[in-house]
Amino acid sequence: MTKSKLLTFAVIALFLINIITLSFLFFKGPRPDGRPKHSPSEIVIDILDFDEQQIIEYKKLIDKHSSQINDLDQKINETKNRLYLELASKENDSKKDSILTILNKYTSEVEQVHFDHFLEIKKLCKPEQLDNYNKLILDLSSIFAPPLINHKNDK
């Protein structure tokens, strides 16, 4: 075998190895933030082993939950904007405190909506799925945690 054929073979082999490695990392590896590639809803469906009818009902719950959370998120953002506008005014602690109280109320409502959502999911479970549900609730914070943002490189 000549040197050029050997070199061509080596380049092709290395190229294929790189493609296979990158494909494996892309399709099988975790996301850059370390979380699995499956969506939280897919994880819930998988852990609870929902049947087709349960999945349909669960998706309805997700739509309802998303709508409620989006409304509250909008209210929270509007309230935060009102709060930060207070930075431009002369010190008015009573108005700031009032806005913070409203903001805390909305934040509390968000947590109540989340809590109620998982109670509704529990109602979807069959008795044999409740052990998996109890395991699921122990992992809720990691499943639904937002991705970590690295602000060190922001400029």
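A contact here means heavy atoms within 4.5 Å. The structure is a predicted model, in which local features need pLDDT of at least 70 and side-chain atom pairs count only at pLDDT 80 or more, while totals for chains, interfaces and linings use all residues. Residues are numbered from 1 along each chain as its sequence is written, and side-chain values use heavy atoms, with hydrogens and water left out.

**Exercise 1. Overall fold**

State how many helices and strands the protein has, and what share of its contacts joins residues 24 or more positions apart.

Solution. 
- Step 1: helices (H or I, at least four residues) and strands (E, at least two) are taken as DSSP runs, numbered from the N terminus.
- Step 2: the protein has six helices and zero strands, and its pattern along the sequence is α-α-α-α-α-α.
- Step 3: among contacts with a separation of 6 or more, 62% are between residues 24 or more positions apart.
- Step 4: buried means under 20% relative accessible area, exposed over 50%, and partly exposed in between (1.4 Å probe, protein chains only). Of the 155 residues, 21% are buried.

**Exercise 2. Helix α2**

Find the residues of α2 that are buried, and name elements that cover them.

Solution. 
- Step 1: α2 spans 40-48.
- Step 2: Ile43, Val44, Ile45 and Leu48 are the buried residues in α2.
- Step 3: their cover includes α3, α4, α5 (130-138) and α6.
- Step 4: just after α2, Asp49 has a positive phi of about 55°.

**Exercise 3. The largest pocket**

Give the volume of the largest pocket and describe its lining.

Solution. 
- Step 1: on a 1 Å grid over the protein atoms alone, a pocket is an open set of points with protein on both sides within 12 Å along at least five of seven lines, and lining residues have an atom within 4 Å of a point. A volume is the space filled by probe spheres (1.4 Å probe) set on the points, which are joined across faces, edges and corners.
- Step 2: the volume of the largest pocket is about 360 Å³.
- Step 3: 13 residues line this pocket, and Pro40, His65, His114, Phe118 and Phe144 are the closest to its centre.
- Step 4: at least two lining residues come from each of α2, α3 (52-85), α4 (93-124) and α6 (140-143). Helix α3 gives the most, four residues.
- Step 5: Ala, Val, Leu, Ile, Met, Phe, Trp, Tyr, Cys and Pro count as nonpolar, Asp, Glu, Lys and Arg as charged, and the others, Gly among them, as polar. The lining has seven nonpolar, six polar and no charged residues.
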